[in-house]
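Hi,

Here's the structure I promised to pass on. Have a look at it first, then read my notes below.

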Amino acid sequence: MNKTEHKCNYEHKLPVKGMSYGRLLLVVLLVLSQIAAVMAGTREVPGLLEWSQLPPLPDPIGLAGPFAGVSNDVLIIAGGANFPDGPFWEGHAKVWYDRVFVLTEPQGEWISDFKLSRPLGYGVSVTWNEKIVCLGGGDKDRHYADVFMLDWTGDKLETIGLPPMPRSCAFSAGVLVDNIVYVAGGQESPSGTEALRNFWSLDLSGTTQNLKWEQLEPWPGKARILPVMAAQEGNIFLISGARLYKGADGKATREFLTDCYCYNPQSKRWKRIADSPRPIVAAPNPGIPLGHAHILFMSGDDGENFFRAAELKDRHPGFAPELFVYHTVTDTWTKMGEFPKRIPGDLGKYRNAGTWPPVTTTITKWKGRYVVPTGEVRPGVRTPNVFWAKPTALGGSFGGVNYAVLGIYLTALIAMGFYFARREKTTDDFFLAGRRIPWWAAGLSIFGTQLSAITYLAMPARSYATDWALLILNMGIFAIAPFVIYFYLPILRRLNITTAYEYLEKRFHVSIRLLGSLSFVAFQLGRMGIVVLLPALAMSAVTGLNVYLCIALMGILSTVYTVFGGIEAVIWTDVLQGAVLVGGAFVALWIIVGDLDGGFSQLVSVGIENSKFNPAHLNWDWTSDALIVVILGAIFTNSLVPYTTDQAVIQRYLTTPDERQAAKAIWLNGFLAIFAGVLFLSVGTGLFVFYKANPQRLAPLEATDQIFALFIARQMPAGLAGLVIAGVFAAAMSSLDSSMHSISTAVTTDFVRRFRPNLAESTYLLFARCLIIALGLSGTATAMLMASIEIQYLWDFFLGFMGLLGGTLAGLFMLGIFTQRVGATHAWIGAIASTGMLLYVKLATDLNSLLYGAIGTLTCFSVACLWSTITPTKVERVTGW
């Protein structure tokens with residue numbers, strides 16, 4: 001049998017006995033109804049923080065300014081100060097303590113058998129490497145520069161000395177980022193009338209003997225005491241505080257500040273951010289990071305009653321209970337809830353009965369929750385209460401109408417699979433749809449296949465968080481279209497092949513064909529998990545549905561209709577989901593513009609003001625999204641690699657009746673790529689402007705890529721939201737079904753039929769269907785395995801993975817089409833060199849992953865060409881290639 005005779009017409013019926021299509025569809029509908037019931041039952045309406053209390057401190061008065069942290073899973077509170085004999089307005093003195101309290105279990109009892117080396121309070125403490133790092137602080141006579149670590153060893157508390165800070169300092173703030181502790185602000189002595197404008201860092205990752213403090217450039221604002229610091233996504237935030245200055249009586253007095261700043265440790269630069277809604281002086285430190293971009297700050301002294309404390313005495317209302325949240329992307333503040341404040345009629349013996357928002361205390365994380373221990377609740381009054389707060393997701397209810405629409409949509413996809421199953425009689429039907437797909441449907445299918453849920457959710461997320469610098473990526477698809485049509489398409493169509501890798505055998509050797517096919521299969525196996533995981537995370541965030549159930553739903557359904565309907569079902573479901581997704585993006589943009597007071601002009605003006613429409617980054621940083629990096633990524637990684645080597649794309653070229661219609665399909669996809677790029681980036685910019693104007697509607701999310709899904713679920717009308725969310729499901733399923741079907745095509749054609757050419761046509765078809773089932777299960781399992789991997793932008797990860805495996809393959813196809821002297825040996829050497837280079841770049845450099853495609857392609861091509869010149873071999877020429 002020659003290699004073109006496998007396009008046989010043997011009939012093959014579905015491998016299902018005793019069950020009709022109608023019964024199969026009924027089974028699927030029953031499964032869907034059960035899943036929908038589970039989905040409806042998992043909806044929650046959670047709050048921002050879930051509050052509870054740990055056992056109160058044994059000291060009924062409580063403490064202000066304690067050190068707090070966790071050492072070897074044990075909560076420790078040390079030092080601090082209070083007024084044991086009565087409040088200051090009655091003339092009583094403040095007393096500092098050296099006591100250490102240890103709590104080993106949440107329901108246990110405090111152990112107080114340990115002491116610090118001296119009474120100490122109002123310093124900074126952070127938890128690092130199972131130890132508590134304590135910095136500075138003071139007593140009634142002086143402030144200290146001392147730094148030490150507390151280490152709980154199971155039955156005793158050890159103290160480990162560290163290098164002292166550059167100056168004595170108390171009433172400062174601190175935060176830990178990547179093994180480096182940062183300290184800002186403070187007061188050098190108890191009688192000082194000026195605050196410090198200091199910003200110091202200590203890298204704790206070295207040996208104790210080699211640790212050294214670094215004095216960094218301070219923030220571009222006033223010196224201050226009692227600011228609050230926080231860390232989010234590697235950046236450091238300095239919030240509020242109070243300026244000290246000499247009053248009329250010669251003593252220090254305060255100016256309450258609202259200015260705030262952000263510091264980037266990589267660039268070592270500060271920038272001014274939005275002012276806090278009110279002063280948040282001495283608030284529990286540090287702020288609590290929520291999700292990927294929110295930071296929560298609680299209570300704090302707004303200064304309203306600061307100068308009336310002696311006058312108000314026990315009538316002081318305490319500190320404001322508001323919980324303020326800052327959003328790092330939109331640079332906005334909003335109030336999200338309150339501290340559980342309860343003021344009883346009788347304040348009790350120690351004037352601290354009830355629950356009050358505390359200040360001058362340290363927040364630490366213990367057993368997955370945030371501890372807010374003791375603290376000052378009114379001037380001169382402390383509390384022994386120890387609060388324990390658990391952040392909760394803010395996913396809203398998806399609604400019955402939306403679930404119904406989602407169920408109907410997914411059922412329609414399954415029905416399409418069963419409908420086309422009646423026409424899948426041969427492998428030519430199953431793999432190539434009998435070459436009867438019209439050009440516009442093939443073009444829309446290429447677009448739909450490349451328009452994965454990654455593109456649909458992550459591309460708006462990128463412009464929401466950054467700018468339009470990645471639009472060039474989509475422009476590269478259009479630019480490369482004539483190159484593909486003129487050089488690649490004629491060869492792929494005229495050889496009458498099923499997979500692109502058959503060409504590599506004809507041009508080089510069967511080993512190159514197998515290398516190409518295996519590379520493609522390896523890439524698709526990894527891709528299947530990625531393209532399912534992202535929408536599953538997004539759906540889980542906005543519906544409350546378990547992420548693993550989302551993954552299972554998409555994996556099972558896409559496997560069902562692909563097994564039955566073949567490439568024809570895959571293509572027509574691509575057409576449907578592409579229309580739904582593009583329409584959904586249009587509607588989202590329309591809703592955004594309609595909700596803005598200034599309409600479209602506000603979107604444009606705010607976008608320009610915040611540099612959201614920036615089309616390029618003009619620098620030579622090869623690790624960033626610099627213009628040259630994006631251009632190379634557009635040409636190679638995002639265009640040449642998938643459109644010349646990806647069987648899932650090339651298979652669409654081969655389903656049209658002729659070469660001319662295939663060319664039209666490629667052109668249509670190129671136009672749609674630019675159109676969709678502009679649309680999705682506009683949606684992302686619109687989301688930024690919308691949530692900047694409405695920060696109260698922006699819930700804390702675990703990843704930037706969930707922002708569009710949040711908008712769809714919360715801002716779109718019922719029913720329409722369900723349809724668009726269903727489209728997101730379908731987008732992931734479209735990518736998954738394309739991967740499964742193209743892998744099945746490659747394995748069946750390049751391996752099974754290549755080495756077992758005499759099997760019956762029905763055997764090949766049965767093998768292809770069984771393989772799809774196995775791939776569906778493995779892809780679903782892969783996505784579940786990846787669900788715990790933290791990836792800031794899955795878009796970048798996906799492109800990097802694509803370039804790493806696809807660059808070498810693109811180089812091999814270029815060698816076959818554009819050279820005559822390169823033989824199989826030369827191609828192998830080029831492929832090995834390319835793979836080695838890519839591994840080196842991936843593991844030993846910080847180059848942007850967008851460059852992987854260019855590096856792999858050009859290395860393979862240039863090394864093979866060079867080797868063919870050094871060691872020429874005779875290469876058989878075939879007319880027309």
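Which residues form a nonpolar patch on the surface? They are Tyr486, Phe487 and Phe818, with about 320 Å² of accessible area together (Shrake-Rupley method, 1.4 Å probe, only the protein chains shown count as cover). A patch takes residues with over 30% relative accessible area and no salt bridge, with nonpolar side chains joined within 5 Å and like charges within 9 Å; a salt bridge is a Lys or Arg side-chain nitrogen within 4 Å of an Asp or Glu carboxyl oxygen.

Bear in mind that this is a predicted model: local features need pLDDT of at least 70 and side-chain atom pairs pLDDT 80 or more, while totals for chains, interfaces and linings use all residues. Residues are numbered from 1 along each chain, and side-chain values use heavy atoms, without hydrogens or water.

The average pLDDT (the predictor's confidence in each residue, from 0 to 100) is 86, and 91% of the residues score at least 70. Residues 1–47 fall below 50.

Phe818 counts as partly exposed because its relative accessibility is 33% (buried is under 20%, exposed over 50%, partly exposed in between; 1.4 Å probe, protein chains only). Ile870, in helix α20, counts as exposed, at 53%.

As for tyrosine 456, its contacts (heavy atoms within 4.5 Å) beyond four places in sequence include Leu451, Leu581 and Phe680.

Cheers

Notes: Helices (H or I, at least four residues) and strands (E, at least two) are DSSP runs, numbered from the N terminus.
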